[in-house]
Amino acid sequence: MKYLLLLITGLQLLFLPRAQAQDEAAVPLVKWEYTAEKKGDGTFVLHFKAKVSEGWKLFSYTMSDDDPNTRIMLDSLSDTRAAITGVEEAGDLKTAKEPILDNLEIRYFENEVDLQATTSFKAEVKDVKGVITYMVIKGEEVVPEEVEFRFNADPAAGLVAAKAGLQINEEQAGKLKRTNIDLKNPVSKVGGILEEGKGVWVVFLLGFLGGLIALVTPCVFPMIPLTVSFFTKSSQNRKKGIFNATMYGFFIFLTYVLFSVPFHIAGAAEPEIFNNISTNVWLNLFFFAVFVVFAISFFGVFEITLPSGLASKADSKADKGTLIGIFFMALTLVIVSFSCTGPILGSLLAGSLNSDGGAWLLTAGMAGFGLSLALPFALFAMFPSWLNSLPKSGGWLTSVKVVLGFVELALAVKFLSNADLVTHWGILHRETFFLIWIIIGILTTLYLLGWIRFPHDSPVKKLTPIRIVFAVLFGAFTLYLIPGITNTKYAKLKLMSGFAPPMSYSWYGNSAEEKGAVEPDVINDYEKALEVAKAANKPILIDFTGWACVNCRNMEENVWTDPEVHALIKDNYILVSLYVDDKQKLPEGEEFLHQFDDGRTKEIKTIGNKYATMQSENFINSSQPLYVLISPDEQLLTLPVAYTPDIREYANWLKAGIEAFEKVKQ
């Protein structure tokens with residue numbers, strides 16, 4: 001549990017809003033004040049006065065770039081119209097040799113110093129901003145920090161210091177929390193967000209399937225007969241042996257379920273953490289790298305294991321003949337089998353942690369995985385004769401690992417695609433995604449047919465029926481993917497809806513209209529959608545969506561393309577799609593600090609921040625997709641709905657919105 005809590009603490013530090021962390025942080029080690037002094041036409045001295053906390057030393061600006069120092073840097077936009085020509089320090093400069101820096105002679109200030117940056121402007125005086133990066137030292141602690149600064153243009157003085165960081169902006173906040181929207185009083189009671197139980201059961205079944213796959217890996221499969229034999233032979237009687245083996249399986253199940261507990265704590269603290277995790281660029285790139293490493297491990301290049309000391313500690317307590325001893329036996333199996341189960345669990349973790357179900361999806365997946373891994377130990381203890389029907393360990397276990405390696409490579413591409421979509425890099429279009437999967441599918445098929453071998457593989461003397469079946473399945477799936485790289489009507493692969501990039505993210509630059517989607521009429525700005533709706537006297541269909549949202553793509557490619565639904569939206573609504581995971585920065589001046597009713601604050605810096613907050617503030621929901629129908633004056637027409645794969649149900653909801661709008665007009 002200690003390691004699990006450390007993990008969740010790390011996730012919270014990475015993904016909880018920075019503003020919240022600042023509120024809870026201690027007093028900063030250095031407080032800064034800013035003033036601007038006009039020296040002549042286009043020349044100012046910017047004063048950065050630092051008050052250093054007692055006992056700390058602030059490194060001087062004169063320290064070299066390779067050593068701890070203090071620096072003043074303008075941002076790229078300010079740098080095009082201004083330049084810092086020199087920096088002077090007004091304060092008591094001290095020097096000393098610092099033991100923890102290998103007796104480096106450092107120059108530093110205590111208590112206070114005034115950094116005076118002479119700045120010349122290349123154009124008319126305008127707003128200028130940047131950051132101060134600095135390091136402070138106390139004893140054996142060396143802390144790097146940075147703080148933003150900003151100077152606003154002033155007709156009289158030229159420049160006036162502004163408050164550092166983002167400020168609460170009531171006008172901008174009013175654009176997020178729409179007072180006209182009354183969730184409790186829609187015109188029509190049609191719709192509503194039902195409690196989604198299906199998603200949890202689907203993830204549970206996927207976890208159960210993952211556990212079955214883990215059972216036939218070299219780390220787990222040989223343990224089944226050994227462990228069951230141990231319990232049945234070492235127990236006083238058969239009934240006791242069955243009980244011990246059953247408890248062994250239960251503790252395996254419990255261990256995996258407990259893994260999800262810290263994520264419930266994180267979700268209660270910040271509901272949007274799961275959306276941040278699933279769409280965070282760096283985390284998706286991290287998962288991409290990890291899955292590639294897992295794949296290489298499965299190919300036999302090296303083996304991934306948890307620290308041996310961890311397994312040794314668990315194993316040392318497993319020889320006690322009590323329930324505690326059985327628990328540690330189960331824990332030992334979980335630890336030593338990590339090299340095989342880790343990649344499967346990683347897939348489950350990365351795929352479950354999203355805003356649709358949060359920690360409960362992860363719990364369901366872990367429960368399914370633990371149950372399928374635990375069942376054999378109890379069942380074989382009850383029916384020992386079944387052990388004779390198990391296939392013997394051999395080279396086929398290695399083949400399972402290699403095939404899983406190819407699957408891990410394919411999953412790695414999905415995480416790279418998530419990062420590409422939310423940042424709009426344009427490096428992994430839909431067709432590129434399919435091309436890579438086709439290559440992986442061909443290699444997997446050739447491996448199963450024995451045409452490709454790895455150094456640690458046993459020779460394939462004869463293809464077994466099971467091997468042939470899997471080769472046919474992988475080959476057929478690869479053939480199914482091939483139309484996905486073409487510019488034809490067959491490029492729409494229904495099985496891949498939501499998993500691959502959307503059809504509009506294409507090599508060919510085809511509009512979504514040519515492929516049967518609604519996107520030519522889509523607006524991505526809420527305020528603009530209101531203006532268009534008022535001019536056209538049409539209601540608005542708000543689509544809270546995400547670039548990495550699987551169910552959103554399923555709706556767009558399988559429900560919105562239905563002729564009736566397509567016509568209902570195109571002819572009767574102004575469609576606005578608001579991407580809650582868009583990492584694009586808001587224009588300068590539109591960033592602000594949003595304050596919730598309970599006093600919490602959140603930095604609104606990106607398009608995704610803006611619309612995710614708008615969704616949760618007005619509709620008390622943070623999952624995607626979420627569909628809302630409103631009039632041009634923001635009167636709620638129906639109850640919002642979430643993922644609705646039933647075309648008839650979704651069409652009826654749209655019709656109810658049209659009827660409600662007619663009532664509003666009357």
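Which residue lies over the face of Y108? K57 does, at 4.8 Å from the ring centre. The legends below start from the whole chain and then move to close-ups. This is a predicted model, in which local features need pLDDT of at least 70, side-chain atom pairs count only at pLDDT 80 or more, and totals for chains, interfaces and linings use all residues. Residues are numbered from 1 along each chain as its sequence is written, and side-chain values use heavy atoms, with hydrogens and water left out.

**Overview. The protein comes to 22 helices and 16 strands.** Helices (H or I, at least four residues) and strands (E, at least two) are DSSP runs, numbered from the N terminus. Of the 666 residues, 47% are buried. Buried means under 20% relative accessible area, exposed means over 50%, and partly exposed lies in between (1.4 Å probe, protein chains only). The accessible surface is about 32,400 Å², and carbon and sulfur atoms hold 60% of that surface. Areas come from the Shrake-Rupley method with a 1.4 Å probe; for residues, only the protein chains shown count as cover. Among contacts (heavy atoms within 4.5 Å) with a separation of 6 or more, 73% join residues 24 or more positions apart.

**View 1. Two charged side chains lie over tyrosine rings.** K57 covers Y108. R467 lies over the face of Y447, at 5.3 Å from the ring centre. The criterion is NZ of Lys or CZ of Arg within 6 Å of the ring centre and within 35 degrees of the ring normal.

**View 2. T95 sits in strand 6 (residues 94-98).** T95 contacts I106, R107 and Y108, leaving aside neighbours within four places in sequence. T95 and R107 are 12 residues apart in sequence, yet their C-alpha atoms are 4.5 Å apart.

**View 3. Strand 9 (residues 128-138) pairs with strand 3 (residues 57-59).** The sense is antiparallel, over 2 bridges. L58 has V136 as its bridge partner in strand 9. Strand 4 (residues 70-74) also pairs with strand 9 in the antiparallel sense, over 5 bridges. There, L74 is partnered by G130. Strands pair if DSSP finds at least two bridges between them.

**View 4. The structure holds 19 aromatic pairs.** Y34 and F48 form an edge-to-face pair, 5.8 Å centre to centre with 75° between the planes. Y34 is in strand 1 (residues 30-40) and F48 in strand 2 (residues 43-52), 14 residues apart. Both Y34 and F48 are buried. The rings of F250 and F251 have centres 5.7 Å apart and planes at 55°, so this pair is tilted. F250 is partly exposed at 40% relative accessible area, whereas F251 is buried at 11%. One aromatic cluster is formed by F433, F434, W437, F477 and Y480. Rings of Phe, Tyr and Trp (its six-membered ring) pair if their centres lie within 6.5 Å; planes under 30 degrees apart are stacked, over 60 edge-to-face, and the rest tilted.

**View 5. Helix 19 (residues 550-559) is largely enclosed by the rest of the structure, because 7 of its 10 residues are buried.** These are C552, R553, N554, M555, E556, E557 and V559. Their packing partners include helix 16 (430-448), helix 20 (563-572) and helix 22 (647-665). Strand 12 (540-545), strand 13 (574-579) and strand 16 (626-630) are also among them.

**View 6. K610 is a lysine in helix 21 (residues 607-619).** K610 counts as buried because its relative accessibility is 16%. K610 touches L176, L586 and I604, not counting residues up to four places away in sequence.
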